[in-house]
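Biologist: I have the sequence and the model open and would like to go through them with you. Can we start with single residues and then move to the whole chain?

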Amino acid sequence: MRDVIEWLKENGNLKIINEELDVELEIPHIAYIEVKKENSRPLLFTNPINKRKNIKYSMPILMNIFANQEITQKIFGKHPDSVAEGIEKLLKLKPPKGFMEKLKMLPMLFSLKNIFPKRLKSTGICQQVIVTKKNVNLDKLPILKTWEDDGGPFITMGQVYTQSLDGSMQNLGMYRLQQYDKNHLGMHWQIHKDASHFFDQYQKAGKKMPVSVAIGGDPLYIWCGQAPMPHGMFEMLLYGFVRGKNARLVKSITNDIYIPQDVDIVIEGFVDPDKMEIEGPFGDHTGYYTLKEPYPVMEVETITMRENPVFQATVVGKPPLEDKYMGWATERIFLPMLKPMAPDLIDYYMPENGVFHNLILGKMKTLYKGHAKQFMHAFWGVGQMSFVKHAIFVNENAPKLEDAKAITEYILNRVTPNRILITEGIIDALDHTANEALVGGKLGIDATGDEIKDSLRVPLDNKTLLEKIQKIENNIIELKQYFTHTKNPITIVTIDKKDSIRGDISKYYILQEHIKILVIIDKKNNDINNPYMLLWRVVNNIDATRDINLEPLIIIDGTNKNSLDCFDREWPDDTHCTKEVLDNLQQRGLIDIDEEFIRKFGLLEF
C-alpha cells in the first residue's frame with residue numbers, strides 16, 4: 001500500500017489529511033461525503049484515533065481508492081473493455097487447423113501461463129511482523145464504525161480467503177467482518193456465496209474451517225474479491241488475466257490457505273461451525289441497515305503484517321459510492337461471460353442508484369416473440385445475476401443505456417401491462433422488502449417492441465391533478481409528473497401513510513384518464529424533485545408480487561412497509577449521518593457541504 005500511496009500521489013490526486021480523526025464516524029463521514037463529489041479523490045488519513053477507547057493508531061488509513069472512473073481505469077492498467085475483448089477471444093477459442101494457425105495462436109497461449117497464481121515456498125512481505133495468538137489484539141487495527149447504529153466496528157475491505165474441505169477449491173470473497181472483541185470477528189458470508197458453501201462442508205464434517213483475511217496490497221485484489229466469478233473458480237485467476245502476470249501467493253502461518261505475499265495485513269484464524277453470534281446491524285450499500293442475524297464467528301490465531309502497514313477501508317450507504325466505479329469495471333469485463341447464456345445480448349448496465357442487484361438494463365437483438373422474456377429467465381437463473389430484482393430489456397436501436405433521460409423515454413414509450421412479467425425467485429440476503437428472507441418478487445419489462453399508440457387521454461397539470469387525487473386520498477401531500485411527453489408519464493405522489501396502500505387500491509382507478517403510472521412514496525426522507533434518489537428508494541422498497549398493480553393503471557407502492565401492510569418482518573432504517581459529527585467536521589474545515597448537498601444525497605433525515 002505504500003507503493004499505492006505514492007502512485008496515487010502522482011496519478012490520483014490523493015488528498016492527505018493529517019489532523020487527528022476518530023475511526024468512529026468522523027473518518028467514515030469524510031470519506032462518505034468525498035465519494036459523492038463530482039471529482040472525488042482518494043483519501044489518506046495519517047493520524048486515526050479512537051476517542052472512546054483512548055487509542056492512537058500507528059498505521060494510516062487509505063480510503064476511496066476507486067474514487068472515479070479515470071483512477072479505476074488506471075488501476076486496471078487498461079480500459080475494462082480491453083479486458084473483456086481478451087475474455088471474449090478466449091471463450092471463442094477453437095482448435096487450430098494447420099501449422100500456421102497453431103503459430104498464430106502461440107502468443108495467446110504463451111500469455112495464458114501468467115493467469116495461474118504462483119505458490120511461493122518463501123514467506124511474504126506480509127509476514128515481516130508476526131503477532132502470536134497470546135498477543136493478538138484487533139484493537140491495534142484502526143477498524144471503522146461507519147454509522148451511529150452499527151453493531152460495532154467493521155472491516156469493510158477485507159479480502160476473505162477460504163478453501164473447500166478437501167483443499168481442491170479456493171475462494172476470494174469480499175465480506176464485511178464485525179469486530180466483537182480483541183480476537184473475534186463476525187463472518188458475514190451470505191448463504192449463496194462460495195465461502196458459505198465451503199462452511200457447509202466443514203459443518204457437516206464437524207471440523208473447524210480455516211480463514212485468512214488480507215488487507216491492502218494491489219487494489220485489484222479487492223476488485224477480484226467482489227467479481228462474480230463462476231462457482232469453483234479462484235478469483236486470483238482473474239487477477240493474472242488482467243495484470244498479465246501471476247499472482248504471487250504465500251502460505252498463511254497457521255493454516256494452509258495461500259494469500260498474496262504483498263498485502264499489508266493478514267488476519268488468520270478458524271471458524272467453529274458450532275458457534276454462531278449475532279452480527280449487525282450494519283448500514284450497508286443498499287442505503288439501509290441490515291438487521292441483526294446469527295453468523296459464524298472467526299477466532300483469530302495470529303496477525304501478520306509488513307513493517308509500517310497501511311490499513312485499507314471503504315464506506316457503504318446510499319449511492320453514489322466507491323462501488324459505482326468498481327461495478328462499472330465489473331459490468332464491462334463480465335459482458336462476454338453473459339453472452340453464452342444470452343447470445344443476442346449487446347450490452348447491459350446496472351445503475352448504481354439501483355444498487356446493482358435491484359435494477360438491470362439490457363440491450364439485445366430481438367429475433368422472435370418472447371425473446372426478451374427468455375432473457376429475463378436466463379438472467380434470473382445464473383450466478384449472481386439471479387439476485388437481480390428488476391430487469392428491463394430494450395432493442396438494439398435504443399439509446400445508450402447510461403443515458404438516463406433518453407433510455408427512460410424509450411422505455412416509457414413501449415410499456416404496457418402485457419409486456420410486464422412478474423414472477424418470484426431468490427433475492428439478495430441484504431434485501432429487506434420481501435415477506436420472507438431470500439425469496440421475493442421479480443419484475444421484467446419487455447421494451448424491445450415498437451412504440452405503443454395509446455397516450456394519456458386527459459392530461460392535467462400538477463396542481464389540478466393533485467387536487468383531484470387529494471379528494472380520493474387526503475393523506476397525499478405532493479405530486480409531480482415526470483416524462484409527460486411520453487406515452488406513459490410517471491406521476492409521483494408523497495403520502496403521510498395512515499393505512500395500507502393495497503387496502504383500497506381500487507379508489508385510484510378513477511384516475512386512469514389522467515395517470516398511466518402512479519408511484520406512491522412516503523413523504524418522510526423523500527424529495528419529490530430528486531429523481532436519482534427516487535429511483536433508489538422505489539427499486540429498494542418494492543416486492544413486485546406485492547407492490548405492483550397493472551390494471552387499469554400501473555400503481556407502484558414504494559412506501560416503507562409495516563404492520564399496516566401485514567408485513568411481519570422488521571423494516572430497517574435508512575443510513576443517515578450523525579448531525580453533530582457533520583457540524584463538527586464543517587466547523588473544523590474538514591468538509592464543505594451545504595443544505596442542498598445534504599438533501600440531495602439524503603445525508604440527514606428530512
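Biologist: Thr 72 first: buried or exposed?
Modeller: Buried, with a relative accessible area of 0%. Buried means under 20% relative accessible area, exposed means over 50%, and partly exposed lies in between, with a 1.4 Å probe and protein chains only.

Biologist: Before we go on, what sort of model is this, and how are residues numbered?
Modeller: This is a predicted model, in which local features need pLDDT of at least 70 and side-chain atom pairs count only at pLDDT 80 or more, while totals for chains, interfaces and linings use all residues. Residues are numbered from 1 along each chain as its sequence is written, and side-chain values use heavy atoms, with hydrogens and water left out.

Biologist: Back to Thr 72. Which element is it in, and what does it touch?
Modeller: Thr 72 lies in helix H3, residues 69-76. Helices (H or I, at least four residues) and strands (E, at least two) are DSSP runs, numbered from the N terminus. Not counting residues up to four places away in sequence, Thr 72 touches Phe 66, Tyr 325, Trp 328 and Ala 329. Contact here means heavy atoms within 4.5 Å.

Biologist: And Gln 312, where is that?
Modeller: Gln 312 sits in strand S21, which covers residues 311-313. Its relative accessible area is 1%, so it counts as buried.

Biologist: Which residues does Gln 312 contact?
Modeller: With neighbours within four places in sequence left aside, the contacts of Gln 312 are Met 1, Leu 62, Ile 65, Met 157, Ile 215, Gly 216 and Ile 222.

Biologist: Where are the cis peptide bonds?
Modeller: One joins Pro 319 and Pro 320, with omega about -5 degrees. Pro 320 is in the loop between S21 and helix H9 (323-338). Another joins Glu 551 and Pro 552, with omega about 0 degrees. Pro 552 belongs to the loop between strand S30 (548-549) and strand S31 (554-557).

Biologist: Why point those out?
Modeller: Because most peptide bonds are trans, and most residues other than glycine have a negative phi.

Biologist: On phi, then: what is the value at Leu 438?
Modeller: Near 80 degrees, a positive value in a residue other than glycine. Leu 438 is in the loop between strand S25 (420-426) and strand S26 (439-447). At a relative accessible area of 27%, Leu 438 is partly exposed.

Biologist: What about Asn 525?
Modeller: Asn 525 is not a glycine either, and it has a positive phi of about 65 degrees. Asn 525 lies in the loop between strand S29 (517-522) and H13. With a relative accessible area of 13%, Asn 525 is buried.

Biologist: How many residues of H13 are buried?
Modeller: 8 of the 11 residues of helix H13 (residues 531-541) are buried, so H13 is largely enclosed by the rest of the structure. Among the buried ones are Met 533, Leu 534, Trp 536 and Arg 537.

Biologist: Which residues does Tyr 482 contact?
Modeller: Leaving out neighbours within four places in sequence, Tyr 482 is in contact with residues including Ile 528, Asn 529, Asn 530, Pro 531 and Leu 534. Tyr 482 is in strand S27 (residues 476-482) and counts as buried at 15% relative accessibility.

Biologist: What does the side chain of Tyr 482 do with Ile 528?
Modeller: A polar atom of the Tyr 482 side chain lies 2.6 Å from the backbone oxygen of Ile 528.

Biologist: And Asn 474, buried or exposed?
Modeller: Exposed, with a relative accessible area of 63%. Asn 474 is in the loop between helix H12 (462-472) and S27. Asn 474 and Pro 60 are 414 residues apart in sequence and 55 Å apart in space, C-alpha to C-alpha.

Biologist: Now the whole chain. How many helices and strands?
Modeller: The protein has 16 helices and 31 strands. Its radius of gyration is 25 Å, close to the 25 Å that the globule rule gives for 606 residues, so the protein is as compact as a globular protein of that length. The radius is taken over C-alpha atoms, and the rule is 2.2 Å times the number of residues to the power 0.38.

Biologist: What does the C-alpha trace span?
Modeller: About 75 × 70 × 50 Å along the principal axes. Buried residues make up 58% of the 606 residues.

Key:
A polar contact is a pair of N or O atoms within 3.5 Å; within protein, one must be able to donate a hydrogen and the other to accept it, and residues adjacent in sequence count only if both atoms are side-chain atoms.
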